[in-house]
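Here's a quick tour of one model, a few spots at a time. Have a look at it first, then read on.

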Amino acid sequence: SREIRLKSRPVGLPTADNFELASVTVPAPGPGEVQVKNLWMTVDPYMRGRMMDRESYVPPFQIGEALQGGAVGEVVASNAEGLKVGDLVSTMFGWREAFNAPAGAVQKLDTHGLPPQAFLGVAGMPGLTAYVGLIKIAALKPGDVVFVSAAAGAVGSVVCQIAKLKGHTVIGSAGGADKVAFLKQIGVDHVIDYKAEKDLTAALQRAAPQGIDVYFENVGGEHLEAALNVAKPFARFALCGMISQYNATEAPKGPSNIILAVGKSLKLEGFIVSNHFDMAPAYLKELSGWIQSGKFHWKETVENGVENAPKAFLKLFSGENMGKMLVKLG
Ligand code: NDP
């Protein structure tokens, strides 16, 4: 079985050299263990943070060890009660083709008729992130005009659709014509191709002449400054991520206009989805209704083979993914 290990800690934008492909032998599972063959794994922006040796809400990856992350797989051998060969399971043992794990470290997956990889995207962590950020952190209320950055990504495209399904005006920002077309197709009212705009504030002002009530922040930098400029008084910002800073080698420039948060009485609140897993049942219930009604769409960008997992990861930073970036294994 093959796995991807962290070879060295990236400085700035990671490169293929920071990763290495290794082969391991996976023995028969021990007592209470299952052996799992992974079918899909996810690459997510937060993994960049785990490649740094620093204290954070998740511990750093270790050099010479397999990386970790979400995966769905199939049980191929079992010494554990309640898990049998053929069961689908969800785990945090991504970045590898196969592994043994104690039953407590795998979660049996009931797909409810969805493709299993949906549980790494729309029906998994990124989808729930969108829901938590909008419903709980931004406390979406009728009439809100919602602005979303990285709108064509895994989290952003779900944010756009939840807000649309709840009757809001939605403005999405993303890079490139294909992403613009996708966002229009899923009903986003105004799409900003930020790579084609010299002045993001002016573009946002055109899209939201009365201002924005909610900003779902995925990017940071100029996007945050534009949102501060165009925010209505008492607007709420759900700070989900700031991917434009993840590869920074020096302290990023602060939002130069943060003072606007004072005069406009803005509320800026960060959040980490893992502190809100209690909202998963409510989200999955709403999501399944939307999917059944045919009103919910999602895209996946897929790389094949564990050897291409680093490439998939790097694509998050060049924006080469539309919707959820995934790696298909086996
Ligand atoms: P995406 O699927 O959105 O992929 C990342 C996208 O970010 C790219 O496709 C690209 O889109 C955009 N991007 C990359 N670099 C830059 C840049 N320098 N400037 C502007 N845009 C850039 O990833 P996710 O949906 O998984 O994650 C989106 C955000 O949500 C991230 O910030 C992530 O850290 C955060 N997150 C936070 C969680 C939490 O618990 N708080 C949980 C999950 C995700 P484009 O081509 O449009 O530039």
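## An exposed glycine

Gly-64 counts as exposed because it has 11 C-beta neighbours inside 10 Å (buried takes 20 or more other C-beta atoms within 10 Å, exposed 12 or fewer, partly exposed anything in between, with C-beta atoms placed from the backbone). You'll find Gly-64 in the loop between helix 1 (46–50) and strand 4 (71–78). Helices (H or I, at least four residues) and strands (E, at least two) are DSSP runs, numbered from the N terminus.

A word on the ground rules: this is a predicted model, where local features need pLDDT of at least 70, side-chain atom pairs count only at pLDDT 80 or more, and totals for chains, interfaces and linings use all residues. Residues are numbered from 1 along each chain as its sequence is written.

## Two crossing helices

Helix 2 (residues 125–137) and helix 8 (residues 280–292) have axes that come within 10 Å and cross at roughly 100 degrees. That makes helix 2 roughly perpendicular to helix 8 (65 to 115 degrees counts as such). Axes here are lines fitted to C-alpha atoms over the stretch in contact, with angles running from 0 to 180 degrees between N-to-C directions.

Helix 2 brings Gly-127, Leu-128 and Tyr-131 to the contact, and helix 8 brings Ala-280, Tyr-283 and Leu-287 (contact means C-beta atoms, placed from the backbone, within 7 Å).

## The buried side of helix 5

Over in helix 5 (residues 200–207), Leu-200, Ala-203, Leu-204 and Ala-207 are buried. They fall within an arc of 95 degrees seen down the axis, so they line one face of helix 5 (the arc is that of the directions from the helix axis to the C-beta atoms). Their cover includes strand 8 (145–148) and helix 6 (222–230).

Technical notes: Angles under 35 degrees count as roughly parallel, over 145 as roughly antiparallel, 65 to 115 as roughly perpendicular and the rest as oblique. Two residues are in contact if their C-beta atoms, placed from the backbone, lie within 7 Å.
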